Amino acid sequence: MLGKGVVGGGGGTKAPKPSFVSYVRPEEIHTNEKEVTEKEVTLHLLPGEQLLCEASTVLKYVQEDSCQRGIYGKLVCTDFKIAFLGDDESALDNDETQFKNKVIGENDITLHCVDQIYGVFDEKKKTLFGQLKKYPEKLIIHCKDLRVFHFCLRYTKEEEVKRIVSGIIHHTQAPKLLKRLFLFSYAAAARNSTATHPKNHTVMFETLQDWCWELERTKGNMKYKAVRVNEGYQVSERLPEYFVVPTPLPEEDVPRFQGHGIPMWCWSCHNGCALLKMSALPKEQDDAVLQVQKSFLDGVYKTIHRPPYEIVKTEDLSSSFLSLQDIQTAHSKFKQLFLIDNSTEFWDTDIKWFSLLESSSWLDIIRRCLKKAIEITECLEAQNMNVLLLEENASDLCCLISSLVQVMMDPHCRTRVGFQSLVQKEWIMGGHCFLDRCNHLRQSDKEEHQRQLSLPLTQSKSSPKRGFFREETDHLIKNLLGKRISKLINSSDELQDNFREFYDSWHSKPTDYHGLLLPHIEGPEIKVWAQRYLRWIPEAQILGGGRVATMSKLLEMMEEVQSLQEKIDERHHGQVALQAEASSLLRASARLSSLFPFALLQRHSSKPVLPTSGWKALGDEEDLAKREDESVDLGDL
Amino acid sequence: MVQESVLNTNNFKKTSRDGVNWDLSEAVPRLPGETHVADKEVIYICPFNGPIKGRVYITNYRLYLRSLETDSALILDVPLGVISRIEKMGGATSRGENSYGLDITCKDMRNLRFALKQEGHSRRDMFEILTRHAFPLAHSLPIFAFLNEEKFNVDGWMVYNPVEEYRRQGLPNHHWRITFINKCYELCDTYPSLLVVPYRASDEDLRRVATFRSRNRIPVLSWIHPENKTVIVRCSQPLVGMSGKRNKDDEKYLDVIRETNRQISKLTIYDARPNVNAVANKATGGGYESDDAYHNAELFFLDIHNIHVMRESLKKVKDIVYPNVEESHWLSSLESTHWLEHIKLVLTGAIQVADKVSSGKSSVLVHCSDGWDRTAQLTSLAMLMLDSFYRSIEGFEILVQKEWISFGHKFASRIGHGDKNHADADRSPIFLQFIDCVWQMSKQFPTAFEFNEQFLITILDHLYSCRFGTFLYNCESARERQKVTERTVSLWSLINSNKDRFKNPFYTKEINRVLYPVASMRHLELWVNYYIRWNPRIKQQQPNPVEQRYLELLALRDEYIKRLEELQLANSAKLSDPSTSPSSPSQMMPHVQTHF
């Protein structure tokens, strides 16, 4: 066993007053065993992973009931992750550990998951970067998945502190060469084990056949064809080797502008209308070149716009929708709301939670994305129009909107395999620049603004309501009016009416979960995806509550029905019914927290969490607050 | 059902009706005892779908409107009890279309507007009829509950029997006795006749304590912990006044309460008010228990604001949700109403009470000023957290009946049943706030409550409707004088005779599990299905998909159990007759299709 420093203890025997200090002072730490014998907790290394540096006698803080517990252990840094090796997991029982991540442990932080590193010097928190002159007493790591780690280095040898801190800073902040990314050494070392999944149904869209299947599945093969013109990336490295274009489009048009200006097929609706995307032609000043471009585009448009049989509507996402900058700015504000260092900070921000949330604009962005996707759905479904999404490189907002539309319209995309295939088709093959957007190579902060694009997509999947989504989009009304007013001054109202009618009429009918699904986009319906964003905050856990409580009841009932089914089958075959041992997947549901299974139970006792900050000023109601409840005088005095 | 028929005013379903000539007597639902008063053709100005021509029927219980337009099936069914205010809009010189008529403000978060013809006094007539029947008290008319002749197969008045409820809690015991000192309400006219007090306090002691507590509302037991025997005691503020008066009997009495569970720790007093208000109350003779006088007590203020603040807060909620939901700045608008902040403080206070008692650290005494608003919220919510019995349908009815109705929450004043004075400062949504807190808890613990959202909404609808006697009058003594239980029907009769409608399918009975909701804004939500239910765009799915799936599985399970029993019978028959061949199981039943 490792030396376990317990401050305040668990359960009911705690310090008389809850302490809200963020850091445990050394004199408050009572070690069970004085000698801090660090029994070697083995570091689990992946194939190809190498240990780079380590430090012993590091104290990791665990927030518990507004007290903090410290656990001694070893902090290590490999070329893949930062890991804390301590004996913290003994508290978790089997029910919970069933859902552990097999690659990344509870105390592991992959290098690419590190968002910000802070050092604490004399109780002051400072961002750490580059070469350090002075080494901190505490290290606070904010992760991109919103975990917050506190490591105390006070008991660690000085040279070990230097090594681990500078090691972590270097390996999480210095620019990286692509070939140095861990996945390459992992893939080299683990090559043989990758092909052991015989039945992987996810369509990778790496072959012509995959695209043909997708065309067939959506019955798009009448009007669209898969082409091999980019085989060996002869036309463009940006494009996948195989893709789908309108049947009448001559293949030799594709290389004209390296694939720009070509409508690429995304998906076909049951009525034959298609969702397409196109990267814009390069901006030109020269009139002659512009003339060439115009006639080229006219030719291309004729392949998808042949009134009255086929009409195309062009949606220019570069000019009439959110900018990548908007999304990035909102996300950095938004994530800050969840990177909470301690209980005091949690309750201090609680009182102005809604305005903080609003000022991040994140939920508004989610809503606008959903609204745009509903609009496009309306064109495809109700107006029988092809929709062409246009964007500079067709690899950011195009991916986002086109995959949202497909999730709404195509029930296949709401299955696990279908969703994985969708991500593969629209995001991976669609050429979304994950490397830049996630800044995996730590290039510099300039690129940062382009990051979190794929997040709106994942967030919108959050809620099981209406199948998957609930998070939603509004400013669009204004946005649309503003943008279109120059061109279509008369039809903007009409457009809004069409949208309203479509949306209202869908919501007034009973829902078919295997058909079209439209999320609600009204203000009160757009909520924070609590299970994801609040998952590491102990104060926000509802013990034995939350949506998981109903979900586990549902699973239990399924188990029961299945076992009854088996019993009936056995009866029919005249066998003696075996006492079906229920798999007890979620037996102890009362003990699960609302954040299960995204985060394991962090609060070990059943003490309630109590807000610590009080009341905000009432403003104009101050005089009312002073009044007495009853207008009459008090009784017998 | 009141709320149901109104919820059905889904105007997007433009179902055309063939039979245009309805039989009048069939057109309007009528309760036994309900009588037709008038009917009139009006234009209903629907805030969501524009003006709709309809015929309005007014009875002594409700206002009922049916659309006369073929493409709209709109129905309004509003008990007159929900009406808070009737105003005339537009004058003789009004020009605009539909600008002349009536604007009716309701207690349930909506307004109704009717446009009427200017000629023939039709507005004056409708105004007078509505005023007369919506505000019967001002016209010496009886409240409808006294005219209602509905019959149910269960009697809701039998649900709460204080002796039985105290017996369930294990009372009386060695330390607590039941006293009949208030049998004829002579000790305290706003308390119930039956009280539980410390065994060691004599009736004479109680009388002396009563002189020092506002309106004689002495500390009495609300709930006792079955194991550690700590108690929740409720009362009103002590009459300390500016001079800082003391009362030895009161001090001794609190010490007796402290000692009942043989704890050496201090008695915890939770004063629901903000500190400043408690101090200010001294000016009118009230105050709080000072450290000097009560050595063995520790006092905490819970910072819950008064009834006026709550009333204004709810008004602001209405402003942002009716008729249109504030879209562009929904979150900051919601925050500026402070409604959820108040909910947070009430819940936080109740959690503290529950935690203190559950941990066995000390008994708790709760009061505010008079001990009938915030005190009722705190004790009943803490009891709901501590005692799973109150989370069942009947248990919750008992909780409301006990902590609210019998202990004199002033329903008549807070709601203003049948009273025309809409601006009365006594009105306040304290009970609604309590139900909202219960809803927040049920949202956080979706398997812990036997009842569903519909149950809570039904209670709120009949809080105003005046169809039942349950919430009428301010206290037990007044109810007894009016013979409410003999002359009216109880709301619990309606609910208990059709319990299935109000059941939560996920309910899992767990004894002795304390529920602590998380009182953080991150988890508190505006109760959309109540506050924004009139807006057809916001209407949420009923039932929700997870619930629907669960109900399907439940039905499947029951079917399988039946099959299995049949098979068992068949098998035992087969043993005696081996020629019987079993049918294929796959032909008999669908296999489970649910995937996760």
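Visitor: Is Ile457(B) buried or exposed?
Guide: In this predicted model, Ile457(B) is buried, because its relative accessible area is 5% and buried means under 20%.

Visitor: And where does Ile457(B) lie?
Guide: Ile457(B) belongs to helix H15 of chain B, which covers residues 453-465.

Visitor: How far apart are Ile457(B) and Ile435(B) in space?
Guide: Their C-alpha atoms are 8.8 Å apart, while in sequence Ile457(B) and Ile435(B) are separated by 22 residues.

Visitor: Switching to annotation, where does UniProt place a "binding site"?
Guide: An unreviewed UniProt entry puts that feature on Asn306(B) and Ile307(B), together with Cys368(B), Ser369(B), Asp370(B), Gly371(B), Trp372(B), Asp373(B) and Arg374(B). These positions are spread over 69 residues of sequence, yet they cluster in space, with a largest C-alpha distance of 12.4 Å.

Visitor: Take Ile307(B), then; what is it in contact with, leaving aside neighbours within four places in sequence?
Guide: Ile307(B) is in contact with Asp629(A) of chain A, and in chain B with Asp373(B), Arg414(B), Ala425(B), Asp426(B), Ser428(B) and Ile430(B). Ile307(B) sits in helix H8, residues 307-321 of chain B, and is buried, with a relative accessible area of 1%.

Visitor: What about Ser369(B), where is that found?
Guide: Ser369(B) is in the loop of chain B that runs between strand S14 (364-367) and helix H11 (374-386), and with a relative accessible area of 6% Ser369(B) is buried. Setting aside neighbours within four places in sequence, the contacts of Ser369(B) include Ser214(B), Ser236(B), Gln237(B) and Arg273(B), as well as Asn281(B) and Arg374(B).

Visitor: Which residues does the phosphatase domain annotation take in?
Guide: The unreviewed UniProt entry assigns "domain: Tyrosine specific protein phosphatases" to residues 337-399 of chain B. Over that stretch the chain is 65% helix and 6% strand, and its end C-alpha atoms lie 29 Å apart.

Visitor: Zooming out, how many helices and strands are in chain B?
Guide: Chain B contains 21 helices and 14 strands, and among its contacts between residues at least 6 apart in sequence, 72% join residues at least 24 apart.

Visitor: What radius of gyration does chain B have?
Guide: Chain B has 27 Å, which agrees with the value near 25 Å that a compact globule of 596 residues would have. Along the principal axes, its C-alpha trace spans about 95 × 80 × 50 Å, and 61% of the 596 residues count as buried.

Visitor: How many positive and negative side chains are there in chain B?
Guide: There are 75 positive and 72 negative side chains, and the centres of the two sets are 3 Å apart.

Conventions. Residues numbered from 1 in each chain as written. Chains lettered and ligands numbered in written order. Predicted model: local features only at pLDDT ≥ 70, side-chain atom pairs only at ≥ 80, totals over all residues. Heavy atoms only, no water. UniProt positions renumbered as here; feature names shortened; annotations may be inferred. Helix = DSSP H or I, 4+ residues; strand = E, 2+ residues; numbered from the N terminus. Buried < 20%, exposed > 50% of the residue type's maximum accessible area, 1.4 Å probe, protein only. Contact = heavy atoms within 4.5 Å. Rg over C-alpha atoms; globule rule 2.2 N^0.38 Å. Lys, Arg positive; Asp, Glu negative; His and termini not counted. Charge placed at Lys NZ, Arg CZ, Asp CG, Glu CD.
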